[in-house]
Amino acid sequence: MGSVVLSLDAELGWGFHDLVDPPTERVESGRRGWNAMLELLEEFDIPATWAVVGHLMLDSCDGRHADHPAPEGWFERERGEWQDREDLRFGPDLVSDLLESDVDHEFASHTFSHVLFGHPETDRELAVAELECSTAIAEEWGCSFESFIYPRNEVGHRDVLAEYGVSAYRGWTPNREGVRAVFDSMVRDRSLLVEPYIDEHGLVNVPASLFLFGFEGSARSIAESIWTDPMVALARRGIDEAATSDETFHMWLHPNNLTTERDDQRMRAILSYLDRRRSESDLTVETMADVAQRVRHSRGIDGTPTRVDTQAKASWN
């Protein structure tokens with residue numbers, strides 16, 4: 001029995017705050033895309049793993065985070081250019097909508113402030129602080145998380161994830177992306193399926209299969225004019241593969257990828273197809289936590305890693 005996983009990197013402005021020239025259209029589309037995805041997932045009753053940047057769960061902050069061991073200037077845009085853009089820095093309303101959804105979504109972590117765990121400057125102290133802050137604010141909300149999605153898919157400090165009770169993370173895709181993904185799948189008949197596994201830290205790696213917005217711009221327009229939306233075609237192919245196997249197809253995106261109704265239509269086409277194939281086969285839709293539980297159970301391992309007890313910081317905001 002195959003399965004499909006959908007994961008989202010929910011970040012608003014935090015996905016771009018460290019960039020010299022952030023993409024304006026996507027920065028401004030974070031809230032729109034978040035609401036659009038929640039509505040579409042509710043329409044088709046499809047659960048997803050939402051990896052939320054912890055800072056979004058705050059109502060306010062001083063923009064400095066003095067007790068956070070971030071590199072100098074890390075919070076500069078928050079207290080400077082975006083000081084009056086609370087809509088980019090905070091999102092408790094959006095997180096509440098997610099948690100109150102009729103669909104059983106998974107609440108996961110995308111760090112506290114979108115720190116890149118694979119960057120050479122991200123040492124263990126910084127990784128621990130990001131997990132500590134994310135855990136503390138989640139606990140204030142009465143939440144916890146089992147899954148973790150690395151910002152920009154830069155995998156690192158997996159030992160820290162294990163110490164904080166994380167059971168699964170999204171590993172980098174073994175497949176190529178964009179135009180090359182279309183060529184590999186459609187021409188070379190390369191499978192889009194992945195096989196989750198337990199790594200040396202006891203974490204379940206749920207590799208990505210396909211980034212759903214990797215074929216954009218003029219190339220997308222040309223392809224649609226003579227064929228169809230390439231990403232819809234690839235997603236349908238991956239869903240079909242999963243429906244006829246016992247492996248996993250893992251799609252992912254950012255809510256801010258949905259900048260126009262055209263992008264909404266892409267996601268509607270994919271989700272409606274997934275819903276149809278689920279209804280006519282043994283195909284299941286899983287969250288990353290579901291996959292981790294299944295993989296661990298198949299290996300004779302019950303439960304999830306247990307977080308080590310650490311002293312929560314009282315003034316991290």
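Helices (H or I, at least four residues) and strands (E, at least two) are DSSP runs, numbered from the N terminus. This is a predicted model, in which local features need pLDDT of at least 70, side-chain atom pairs count only at pLDDT 80 or more, and totals for chains, interfaces and linings use all residues. Residues are numbered from 1 along each chain as its sequence is written, and side-chain values use heavy atoms, leaving out hydrogens and water.

Start with residues 33-151. This stretch is 38% helix and 8% strand. Its end C-alpha atoms are 18 Å apart.

Now take a pair of helices. Two packed helices are described by the angle between their axes and the distance between the axes. Helix 2 (residues 30-44) and helix 5 (residues 92-99) have axes that come within 11 Å and cross at roughly 10°. Axes are lines fitted to C-alpha atoms, for helices over the stretch in contact, and angles run from 0 to 180 degrees between N-to-C directions. That makes helix 2 roughly parallel to helix 5 (angles under 35 degrees count as such). Which residues of helix 2 meet helix 5? They are Arg-31, Trp-34, Asn-35 and Leu-38. Contact here means heavy atoms within 4.5 Å.

A cavity is a set of points on a 1 Å grid over the protein atoms alone where a 1.4 Å probe fits but cannot get out, and lining residues have an atom within 4 Å of a point. Val-52, Gly-54 and Phe-107 are among the residues that line the second largest cavity. Helix 6 gives the most to this lining, with 3 residues.

Technical notes:
Parallel < 35°, antiparallel > 145°, perpendicular 65-115°, else oblique. 1 Å grid on protein atoms, 1.4 Å probe; cavity = no way out; pocket = protein on both sides within 12 Å on 5 of 7 lines; lining within 4 Å.
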